[in-house]
Every structure is written in structure tokens, then in C-alpha cells.
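Hello,

Here is the structure we talked about. My notes follow below it.

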Amino acid sequence: MRKFDIDFLDDFSEEALVDELRRLASELDQDSLSRRDIDQFGRMSSAVVLKRFGSLRKALQAAGLRPRRFMKASDAELLDVVEALWVE
């Protein structure tokens with residue numbers, strides 16, 4: 001019978017999840033991740049990330065990654081977008 005290797009995280013602390021998000025982004029050569037990226041290539045499910053951080057956006061920000069879209073953006077983030085558009 002074929003033996004399967006299962007490679008999950010040993011620790012599901014915020015620090016371990018942030019490290020895994022960074023590793024995954026680096027491996028995929030991206031500055032952002034989707035739930036699908038995490039579920040397909042990560043060593044934890046996106047559900048674990050959402051439960052720990054409350055949202056994918058908060059998790060990506062904690063990892064220093066860029067959220068893909070603005071949902072519930074803060075006033076400061078919206079002003080940054082307006083400023084960036086104004087300069088262009």
C-alpha cells in the first residue's frame with residue numbers, strides 16, 4: 001500500500017499562520033493570496049486563517065501582504081487609494 005505524506009502545520013498560533021502565509025506567497029511569487037491559494041497550496045485551510053484572524057484581509061495585513069480587494073476598508077486606506085488615483 002502506498003504511504004501518503006501529510007504536511008500540515010504543527011502549530012496554529014497567529015505567528016505560525018503568518019509565517020505560512022508569507023512562505024506561501026513567496027513560493028507562489030505573489031504579494032497577495034486568495035482563499036483558494038491557501039486551500040490548494042497551504043499547510044492549513046483558509047477556514048483556520050479566517051477563524052484565527054476574523055478575515056482574510058486581516059491575516060494578509062498581519063503577514064505584510066496586500067489584500068486583493070477592499071472590503072470594509074478603513075478611512076485611512078480609502079484616503080490612500082484616493083491619493084494614489086489623484087497623483088496618477
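**Salt bridges and a buried serine**

Glu 20 is buried, at 2% relative accessibility (buried means under 20% relative accessible area, exposed over 50%, partly exposed in between, with a 1.4 Å probe and protein chains only). This is a predicted model, in which local features need pLDDT of at least 70 and side-chain atom pairs count only at pLDDT 80 or more, while totals for chains, interfaces and linings use all residues. Residues are numbered from 1 along each chain as its sequence is written, and side-chain values use heavy atoms, with hydrogens and water left out.

Glu 20 forms a salt bridge with Arg 23 (2.7 Å, N to O); the term means a side-chain nitrogen of Lys or Arg within 4 Å of a carboxyl oxygen of Asp or Glu. Arg 23 is partly exposed, at 28%.

Another joins Asp 31 and Arg 66, at 3.2 Å, N to O. Asp 31 is in the loop between α1 and α2 and Arg 66 in the loop between α4 and α5 (75–87), so the pair ties together parts 35 residues apart in sequence. Shared partners also link Glu 20, Arg 23, Glu 27 and Arg 43 into one salt-bridge network.

Ser 32 also lies in the loop between α1 and α2 and is buried, at 2% relative accessibility. A polar atom of the Ser 32 side chain is 2.4 Å from the backbone oxygen of Arg 66.

Regards

Note on methods:
Helix = DSSP H or I, 4+ residues; strand = E, 2+ residues; numbered from the N terminus. Polar contact = N/O pair within 3.5 Å; in protein donor to acceptor, adjacent residues only side chain to side chain.
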